[in-house]
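This report describes how the parts of one protein chain are packed together. The sequence and the structure are shown first.

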Amino acid sequence: MGLLDRFKKPKPQPPTLLEDIPKAAGWLVANMRNSGYFLDDTIESFRELDRFFDEQSRPGGLLADGKPGSKLFAVGSYMGRVFVEKLGGVWETDDADPMGELNIAVRLPDGSLVWPVQRALKRLQNGPEDGLYAYGLAIAESQKNADG
């Protein structure tokens with residue numbers, strides 16, 4: 001190591017997925033509120049996510065720009081946060097996965113895995129038939145049944 005090498009600043013490491021998830025979820029809540037959608041960290045608020053998808057998938061909408069990736073990551077981060085907080089799940093991420101943002105998952109107390117960003121993508125692609133509120137209710141119900 002040369003003399004000048006000691007004075008070089010180390011390259012900052014990019015944030016991990018576990019660091020990005022709460023930032024994305026917080027960003028979503030704030031921006032949704034500014035746009036008239038209210039998220040309160042409940043499964044019930046997934047109705048607002050469905051309304052957002054219904055209204056913003058139309059031409060000219062926020063999801064119709066052809067680049068919804070960061071928005072879908074934020075929606076999935078929010079959904080996962082609700083599953084973690086309300087159902088007792090834990091995040092599973094893989095920063096080495098090139099598709100890591102799409103593949104973030106929540107392991108639920110019964111051992112099952114859910115992939116909220118993938119579900120948000122399905123909602124965008126398939127419309128109301130892959131509704132987020134119905135999905136959230138089914139996940140919550142499955143955990144209630146697993147508890148006995």
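## Helix packing, core and sheet

In this predicted model, helix 2 and helix 4 pack with their axes 10 Å apart, at an angle of about 40°. An angle under 35 degrees would count as roughly parallel, and one from 65 to 115 as roughly perpendicular; helix 2 and helix 4 are therefore oblique to each other. Their crossing is right-handed. On the helix 2 side the contact is made by D50, F53 and D54, and on the helix 4 side by A120, R123 and L124.

Helix 4 also packs with helix 3, here at an angle of about 125° and with the axes 7 Å apart. This pair, too, is therefore oblique, and the crossing of helix 3 and helix 4 is right-handed. Helix 3 contributes L72, F73, V75, G76, S77, M79 and G80, which meet P116, V117, R119, A120, L121 and L124 of helix 4. The two pairs are set out below.

| Helix pair | Angle | Axis distance |
|---|---|---|
| Helix 2 and helix 4 | about 40° | 10 Å |
| Helix 3 and helix 4 | about 125° | 7 Å |

Helix 2 has F46, E48, L49, D50, F52, F53 and Q56 as its buried residues. These buried residues pack against helix 1, helix 3, helix 4 and helix 5.

In soluble globular proteins, nonpolar side chains tend to be buried together. In this model the largest nonpolar core has 35 residues, and those with the most contacts inside it are L28, F46, L49, F53, V75, Y78 and F83. Two or more residues each are given to this core by helix 1 (17–34), helix 2 (46–56), helix 3 (69–87), helix 4 (116–126) and helix 5 (132–146). Helix 3 supplies the largest share, 9 residues.

V75 illustrates how these parts come together. Leaving aside residues up to four places away in sequence, V75 touches L28, L49, F53, A120 and L132. Of these partners, L28, L49 and F53 are, like V75, among the residues with the most contacts inside the core, while A120 also takes part in the contact between helix 2 and helix 4.

The model also contains an open sheet of 3 strands in the order 1-2-3, with antiparallel pairing. Strand 1 (90–92) and strand 3 (113–114) are the edge strands, each pairing on one side only. Strand 2 (residues 105–107) runs antiparallel to strand 3 and is joined to it by 2 bridges. R107 has L113 in strand 3 as its bridge partner.

Note on methods
Residues numbered from 1 in each chain as written. Predicted model: local features only at pLDDT ≥ 70, side-chain atom pairs only at ≥ 80, totals over all residues. Heavy atoms only, no water. Core = buried A, V, L, I, M, F, W, Y, C linked by side-chain atoms within 4.5 Å. Buried < 20%, exposed > 50% of the residue type's maximum accessible area, 1.4 Å probe, protein only. Helix = DSSP H or I, 4+ residues; strand = E, 2+ residues; numbered from the N terminus. Contact = heavy atoms within 4.5 Å. Pairing = 2+ DSSP bridges. Axes fitted to C-alpha atoms, helices over the stretch in contact; angles between N-to-C directions. Parallel < 35°, antiparallel > 145°, perpendicular 65-115°, else oblique. Left-handed = near helix turned anticlockwise from the far one by under 90°.
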